[in-house]
Amino acid sequence: MHELGIVFHIIKVVERVAQENTLTAVSQVSLELGEVSGVIHEELTDCWKWAVKKTELLKDAELLIETIPAVTFCESCQETYETVKYGRICPFCKSERTYLAQGNEINLKEIKAC
Amino acid sequence: MDKVKIIEVKESIFADNNKEADRIREELKKEKTFLLNLMSSPGSGKTTLLMRTIEALKDELRIGVMEADIDSAVDAEKIAATGVRSIQLHTGGMCHLDAGMTEHGLKELGTKDLDLVVLENVGNLVCPAEFDTGAVKNAMILSVPEGHDKPLKYPLIFTVCDVLIINKIDVMPYFDFDLEKVREYAHMRNPNLKIFPVSAKTGEGMDAWTNWLKQQVNEWNNT
Ligand SMILES: Nc1nc2c(ncn2[C@@H]2O[C@H](COP(=O)(O)OP(=O)(O)OP(=O)(O)O)[C@@H](O)[C@H]2O)c(=O)[nH]1
Ligand SMILES: [Mg+2]
Ligand SMILES: [Zn+2]
């Protein structure tokens, strides 16, 4: 049920933004989703369809998802590489001293509304 | 019809939750109450450890417990038997607690007369790590049978925790568990992580943990 919790949080943020901008109907919500954020797209979309029906503001809103690729940084050789392809061991110098530079984001990018 | 507008938001969906969590911490500070968020996989020994911790500290601190585990009526009864005040939180089947749910729990429990509140979070290592509950400190329990490579598999939780309790060290001889490797892997993710190897069953190592906790509570409540 992880995705449902995420959806509730997206809706909360949209509701706040709508209030600040006096919007009455949201037609589209764009999300930036990190490749390794652990969120399953289909699951998120299913939860979205179910949850927005329960709101007035978002009842017809479509969810757009853009993926942010996961990139790992190596502290030992200062290189970056594709996380999903190589995992946590640096392909350049075999170091384990690596950390995720980007790819676990869940950001609300923009809202289309009137 | 109004004109359709595009509004750029560009913010993490956790931003509101984080603000709410900060507000909870401010409230707790004013009330002189310390909130500990306890996270782990199922069966790692949360309830056993909590009972021993309560036994060790209940004469010095006024303690309350919030249980978020989905089917832990048994756990709630065990905690109630120690004599401290406890409540069951309703997560609505959700895999994590957020700041809003924690705040409701704190209201229901009543924190005015408490020095320490322990939140037993939902049993998994992924979702609770993403949501700040408003706790003053975050602790995680890793038990020996789970293996020493957990920090590699679940890096996020190790970065958000202040304390790692390694439980069930009494069974270490029977498992291929390398304590030094855990230290190394965990510190790679979080150099400031405090690590306490304990056995909630035999009591070994428990003093170091409870003393640390007591000190944290006193610092928070009295400064
Ligand atoms: N050998 C050993 N067993 C332990 C220790 N701590 C807990 N256990 C046992 O591990 C099992 C699970 O302990 P609990 O305290 O119920 O664990 P929990 O994390 O609260 O479990 P859930 O609430 O079901 O997720 C029980 O059988 C405990 O007796 C320990 O330090 N050593
Ligand atoms: Mg338990
Ligand atoms: Zn490298």
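This is a predicted model: local features need pLDDT of at least 70, side-chain atom pairs count only at pLDDT 80 or more; totals for chains, interfaces and linings use all residues.
A:Cys77 lies in the loop between strand S3 (71-74) and strand S4 (80-82) of chain A, and A:Cys90 in the loop between helix H3 (83-86) and strand S5 (98-102) of chain A, so the pair ties together parts that are 13 residues apart in sequence. Helices (H or I, at least four residues) and strands (E, at least two) are DSSP runs, numbered from the N terminus.

## Two nonpolar cores

A nonpolar core is a set of buried Ala, Val, Leu, Ile, Met, Phe, Trp, Tyr and Cys residues joined through side-chain atoms within 4.5 Å, where buried means under 20% relative accessible area (1.4 Å probe, protein chains only). The largest such core has 46 residues, and B:Met66, B:Leu116, B:Trp209 and B:Leu213 have the most contacts inside it. Helix H9 (residues 206-222) of chain B gives the most to this core, with six residues. A second, separate core of 33 residues includes A:Leu4, A:Val26, A:Leu57 and B:Ile7.

## Basis of the values

Local features need pLDDT of at least 70, side-chain atom pairs count only at pLDDT 80 or more, and totals for chains, interfaces and linings use all residues. Side-chain values use heavy atoms, with hydrogens and water left out, while residues are numbered from 1 along each chain as its sequence is written, and chains are lettered from A and ligands numbered from 1 in the order in which they are written.

Terms used:
Buried means under 20% relative accessible area, exposed over 50%, partly exposed in between (1.4 Å probe, protein chains only).
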